[in-house]
Amino acid sequence: MRLLHTMLRVGDLDKSIAFYTDVLGMKLLRQSENTEYKYTLAFVGYGDEIDHTVIELTYNWGVASYDLGEGYGHIAIEADDIYALCEEVRSKGGKVTREPGPVKGGTTVIAFVEDPDGYKIEFIAKKDAGKGLAG
């Protein structure tokens, strides 16, 4: 078995696709509409779905926003230089919600950004990815 995708409900599909592709550098892999049940799906990711886990953006027609609740945490993305990545996100209109730096009580370097619907995305420095809080 392997992890295939994470699904996020979005209020503006075009805005969300632009964020994940233009700001975070993912590719729009495929998109489909279901006219009977009134929703559109878009799959984005850094590589083909055959080899990579991707994100499914689900737009239910006519629904502009969702209550994110307390259960959702974040998506984590490994990056070579999260300091430069946060500057790039900011320069493209993205929202950095936690500046890059060591996690509290550890040495792992992280940062957080927020997508147009308020979903949190954590950047983890590649050198620290998979090492836990202590780095």
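Select Met7 to begin: this residue stands opposite Glu56 in strand S4. Strands here (E, at least two residues) and helices (H or I, at least four residues) are DSSP runs, numbered from the N terminus. The model on the screen is predicted, so local features need pLDDT of at least 70 and side-chain atom pairs count only at pLDDT 80 or more, while totals for chains, interfaces and linings use all residues. Residues are numbered from 1 along each chain as its sequence is written, and side-chain values use heavy atoms, with hydrogens and water left out.

**Stop 1: the open sheet**

Now select S1 together with S4 (residues 54-60). These two strands pair in the parallel sense over five bridges; two strands count as paired if DSSP finds at least two bridges between them.

The four strands form an open sheet in the order S1-S4-S3-S2, with mixed pairing. Which strands stand at the edges? They are S1 (5-9) and S2 (27-34), each with a single partner strand, so one side of each is left without a neighbour in the sheet. On average, neighbouring strands of this sheet are turned by 20 degrees against each other, direction ignored. For such angles, axes are lines fitted to C-alpha atoms, for helices over the stretch in contact; in general, angles run from 0 to 180 degrees between N-to-C directions.

Next, display helix H1. H1 lies across S1, S2, S3 (39-45) and S4, and runs at about 165 degrees to S4. Contact means heavy atoms within 4.5 Å.

**Stop 2**

Select S3 alone. Is this strand mostly covered or mostly open? S3 is mostly covered, as six of its seven residues are buried. Buried means under 20% relative accessible area, exposed means over 50%, and partly exposed lies in between (1.4 Å probe, protein chains only).

With S2, S3 pairs in the antiparallel sense over seven bridges. To see one of these pairs, select Ser32, whose bridge partner in S3 is Leu41. With S4, S3 also runs antiparallel, and six bridges join the two strands. Here, select Tyr39, which stands opposite Asn60 in S4.

Move to the loop between S2 and S3, where Lys38 is found. The hairpin of S2 and S3 has four residues between the strands. Phi of Lys38 is near 60 degrees, a positive value in a residue other than glycine.

**Stop 3: helix H2**

Select residues 82-91, which form helix H2. Within H2, Ile82, Leu85, Cys86 and Val89 are buried. Why do these residues lie on the same side of H2? They cover an arc of only 100 degrees around the axis, which puts them on the same side of the helix; the arc is that of the directions from the helix axis to the C-beta atoms. The elements that cover them include helix H1 (13-23) and strands S5 (75-79), S6 (95-102), S7 (109-114) and S8 (120-125).

At the start of H2, select Asp81 and Tyr83. A side-chain oxygen of Asp81 reaches to within 3.1 Å of the backbone nitrogen of Tyr83.

After H2 comes Gly93, whose phi is positive, near 90 degrees. Gly93 lies in the loop between H2 and S6 and is exposed, with a relative accessible area of 68%. Select Val23 as well: Gly93 and Val23 are 70 residues apart in sequence and 8.0 Å apart in space, C-alpha to C-alpha.

**Stop 4: salt bridges**

Side chains of opposite charge can pair when their charged atoms come close. A salt bridge is a side-chain nitrogen of Lys or Arg within 4 Å of a carboxyl oxygen of Asp or Glu. How many are there in the whole structure? A search finds eight.

Select Arg30 and Glu49, a salt bridge in which the closest N and O atoms are 2.7 Å apart. Arg30 lies in S2 and Glu49 in the loop between S3 and S4, so the pair ties together parts that are 19 residues apart in sequence. Arg30 is partly exposed at 42% relative accessible area, and Glu49 is partly exposed at 22%.

Then select Lys120 and Glu114, whose closest N and O atoms are 2.4 Å apart in their salt bridge. Lys120 is partly exposed, at 29% relative accessible area, whereas Glu114 counts as buried at 16%.

Finally, select Glu87, Arg90 and Glu99, which salt bridges with shared partners join into one network. Between Glu99 and Arg90, the closest N and O atoms are 2.4 Å apart. Glu99 is partly exposed, with a relative accessible area of 43%, and Arg90 is partly exposed with 32%.

How values were computed: Polar contact = N/O pair within 3.5 Å; in protein donor to acceptor, adjacent residues only side chain to side chain.
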